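User: I would like to learn how to read the features of a fold. Please take me through one case.

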Amino acid sequence: MNSRNWVRLFLTTLLVGGISTSIVGFALRWGEYQKFFTSFDLIEILSILFWLIGVGFIFSIISQMGFFAYLTIHRFGLGIFRTAALWNAIQIVLILFVVFDLIYFRYQLFAAEGESPLSYILLALFLVIFSLAVAYIKMQQTNKMAFIPALFFMIVVTAVEWVPALRVNEGNWLYLMLIPLLICNAYQLLLLTKLSQVKKAKPM
């Protein structure tokens, strides 16, 4: 991976974060923003759009920090545990632990008396299903040994990046941060394979 590809990855991920956050932000609060489109209040629309793009850039940078941190952790894990199979087994345990935390501990901390845990389960399930799909695509791009590391990155690293919204636990913020993070993380994970393949294909 050369510096040109890293710059490309950074800038395109930044763009993905800004666009995805803008779309999600308008969708989540469409009932509030619809009046500006109806009256064609361009100043209000643009001010909201620029704010959402700025927030999306922040989410994108958080996503990229998590991605580069995981690449380092993954190398350390392979070095410490010697075999990919053992490192993958440890990652599976951590995945299960994080998913359990997202359901049980969030329910214990934030649920009102008598509230059903269903919403907490569904949110974690959404994260898992999306991550499984991305990990499967990554496996198809590379090999079967890439599935668990990709799943770990998409679930565990995304959950760590998502902590600011999890601590606030406000519905709109949870989705406003989660969906762009998932999209940015998936984009980086899948694009990295293509960039690496392009580099290998070039003559020495």
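**Reading an all-helix chain**

Analyst: Start with the element count. The chain has eight helices and zero strands. Keep in mind that this is a predicted model.

User: In what order do the elements of the chain run from the N terminus on?

Analyst: The order is α-α-α-α-α-α-α-α. Next, take the extent. Along the principal axes, the C-alpha atoms fill a box of roughly 60 × 50 × 25 Å.

User: What share of the residues in the chain is buried?

Analyst: A residue counts as buried under 20% relative accessible area. Of the 204 residues here, 39% are buried. The accessible surface comes to about 11700 Å², and carbon and sulfur atoms account for 73% of that surface.

User: How do I read contacts by their separation in sequence?

Analyst: Take contacts between residues at least 6 apart in sequence. In this chain, 73% of them join residues at least 24 apart.

User: Which residues of the largest nonpolar core touch the most other members?

Analyst: A nonpolar core is a set of buried residues joined through side-chain atoms within 4.5 Å. The largest one here has 46 residues, and I95, L102, F153, M154, I155, W162 and L189 touch the most other members. Helices 1 to 8 each supply at least two residues of this core. Helix 8 gives the most, with 12 residues.

User: Which residues are in contact with W162, leaving aside its neighbours within four places in sequence?

Analyst: W162 contacts L102, L123, L174, M177, L178 and L181.

User: Now a helix pair. At what angle do helix 5 and helix 6 pack?

Analyst: Angles run from 0 to 180 degrees between N-to-C directions. Helix 5 (residues 118-141) and helix 6 (residues 147-161) pack at about 145 degrees, and their axes are 8 Å apart. The crossing of helix 5 past helix 6 is right-handed.

User: Which residues make the contact?

Analyst: Helix 5 contributes L127, V128, F130, S131, L132, V134, A135, Y136, K138 and M139. From helix 6 come F147, A150, L151, M154, I155 and T158. By class, the contact has 13 nonpolar, two polar and one charged residues.

User: Last, V168. Is V168 buried or exposed?

Analyst: V168 is found in helix 7. V168 counts as exposed because its relative accessibility is 55%, and the exposed class begins over 50%. For its place in space, take F110: V168 and F110 are 58 residues apart in sequence, with 9.8 Å from C-alpha to C-alpha.

Note on methods. Residues are numbered from 1 along each chain as its sequence is written. This is a predicted model: local features need pLDDT of at least 70, side-chain atom pairs count only at pLDDT 80 or more; totals for chains, interfaces and linings use all residues. Side-chain values use heavy atoms; hydrogens and water are left out. Helices (H or I, at least four residues) and strands (E, at least two) are DSSP runs, numbered from the N terminus. A crossing is left-handed if the near helix is turned anticlockwise from the far one by less than a right angle, and right-handed if clockwise. Contact means heavy atoms within 4.5 Å. Ala, Val, Leu, Ile, Met, Phe, Trp, Tyr, Cys and Pro count as nonpolar, Asp, Glu, Lys and Arg as charged, and the others, Gly among them, as polar. Buried means under 20% relative accessible area, exposed over 50%, partly exposed in between (1.4 Å probe, protein chains only). Accessible areas come from the Shrake-Rupley method with a 1.4 Å probe; for residues, only the protein chains shown count as cover.
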